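My notes follow in the order in which I made them.

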Amino acid sequence: MSTQRLFNFSAGPAVLPPSVLEQAQRELLALPGVGMSILEISHRSKAFEAILAKTEADVRTLGGVPDGYKVLFLQGGASLQFSMVPMNLLAAGTTADYIVTGAWSQKAVKEAQRVGTVHVAGSTEAEAFVRVPRQDELSLTAGASYVHFTTNNTIFGTQWTVEPEVGEAPLVADTSSDMFSRPIDVSKYGLIYAGAQKNLGPSGVTLVIIREDLLARSQKSMHSMLSYATHAGNQSMYNTPPCFGIYLMGLVMQWALAQGGLTAIGAVNDRKAATLYAEIDRTGFYRGTAQKDSRSKMNITFRLPSEELEAKFAKESTAAGFDGLKGHRSVGGMRASVYNAFPEEGVEALVQFMKEFERQNG
Ligand SMILES: *Cc1c(COP(=O)(O)O)cnc(C)c1O
């Protein structure tokens, strides 16, 4: 069986650094000094407590997480956060503002509406989500319990370049598909969440960073597992945490720090995205689907002149060793997801493939 690695453009679960996979492979039978696998040890063991503490410390260092914030490792994906955010933070008689920039924001709205009053404070749905709203298009509620937005829209290939200005209300962000892809000022946020499987590790663990004063909003009557206060009060160990996912996220954090941290990672991501968009814009054969000022550096979406050519592109790119370039089933077209661990050689190789495909079919 071949262990040749393809260029993996999957939107998630997604590519991980080979050095991380190799370390996990080396350590799978027995963690150094422990003599048992990460898959076998108690989450109450000293060994796992050390892994959890180191992963949290490295998340804090990499993200520059200030004091006054809790770092939580939860389960249920970003999708459970769509529910936990309003269940914990949306008090009766108040309103939560949601900025709607794609399918994931819409799902977040749907769950919040089950809990309380939601005001859509901005939406680009009428333009098929080809951009994120401008600040002057937002209609924020005075005294909103929080403002929720999606930093990067994985399906539509758009991304905010700066956070919306929301005044006093805590800013809540779904950062699942661009977490730690560039420097982040955590102090601007009340709560940040991300499913790990795009930039942070494997699926099964969800990173939540929450400002400590917001924990007081979790009502005592809540189901324990759905309460941020429970998880914060128990250092993410109220129940059995996703041990392997936390371990692997820890290795990814160490890798990211070794790259030089978020400034260095952001520079590489800028370069990868610029290279791909330059090819998309070169002749007009390819057409970027996102408006230029909203283009994502993580999920680069584009179309070809016809659906027939898109099908051909998908087929031939797969045969050439590129995986996962087909766009989301809801929007069609092509999508190249180039998360942190996606190598620059893979971007160069795709550009060469695109040039050759255009030469033959243009
Ligand atoms: C992938 C994704 C989700 C869904 O994450 P799950 O962990 O599968 O629940 C939510 N929001 C965004 C922006 C995503 O990219």
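Predicted model: local features only at pLDDT ≥ 70, side-chain atom pairs only at ≥ 80, totals over all residues.

Entry 1, helices H2 and H6. I looked up the axes of helix H2 (residues 46-63) and helix H6 (residues 243-258), which come within 9 Å and cross at roughly 40°. Axes here are lines fitted to C-alpha atoms, for helices over the stretch in contact, and angles run from 0 to 180 degrees between N-to-C directions. H2 and H6 are therefore oblique to each other; angles under 35 degrees count as roughly parallel, over 145 as roughly antiparallel, 65 to 115 as roughly perpendicular and the rest as oblique. I noted that H2 passes H6 in a left-handed crossing (left-handed if the near helix is turned anticlockwise from the far one by less than a right angle, right-handed if clockwise). Helices (H or I, at least four residues) and strands (E, at least two) are DSSP runs, numbered from the N terminus.

I listed the residues in contact, meaning heavy atoms within 4.5 Å. On the H2 side they include Phe48, Ile51, Leu52 and Lys54, and on the H6 side they include Cys243, Ile246, Tyr247 and Met249. By class, this contact of H2 with H6 has twelve nonpolar, four polar and two charged residues. In that count Ala, Val, Leu, Ile, Met, Phe, Trp, Tyr, Cys and Pro are nonpolar, Asp, Glu, Lys and Arg are charged, and the others, Gly among them, are polar.

Residues are numbered from 1 along each chain as its sequence is written, and side-chain values use heavy atoms, with hydrogens and water left out.

I found helix H3 (residues 77-89) packed on helix H4 (residues 103-115) at an angle of about 40°, with their axes 8 Å apart. That makes H3 oblique to H4. The crossing of H3 and H4 is right-handed. Ser79, Phe82, Ser83, Pro86 and Met87 of H3 meet Trp104, Lys107, Ala108, Glu111, Ala112 and Val115 of H4. I sorted the residues of this contact into seven nonpolar, two polar and two charged.

The axes of helix H8 (residues 307-319) and H9 come within 12 Å and cross at roughly 135°. H8 and H9 are therefore oblique to each other, and their crossing is right-handed. Leu309, Lys312, Phe313, Glu316 and Ser317 of H8 touch Leu350, Phe353, Met354, Phe357 and Asn361 of H9. By class I have six nonpolar, two polar and two charged residues in the contact of H8 with H9.

Among the 21 residues that line the largest pocket, Asn340, Ala341, Phe342, Pro343 and Glu344 are the closest to its centre. Strand S1 (7-8), helix H7 (261-281) and helix H9 (344-361) each give two or more residues to the lining. H7 has the largest share, five residues. The lining of the largest pocket divides into 13 nonpolar, four polar and four charged residues.

On terms: on a 1 Å grid over the protein atoms alone, a cavity is a set of points where a 1.4 Å probe fits but cannot get out, and a pocket is an open set with protein on both sides within 12 Å along at least five of seven lines; lining residues have an atom within 4 Å of a point. Grid points are joined across faces, edges and corners, and a volume is the space filled by probe spheres set on the points.

My search of the whole structure finds one cavity of 30 Å³ or more. About 40 Å³ of space lies in the largest cavity. Its lining includes Val15, Leu16, Pro17, Asn340 and Ala341.

A cis peptide bond joins Gly12 and Pro13, with omega about -15°.
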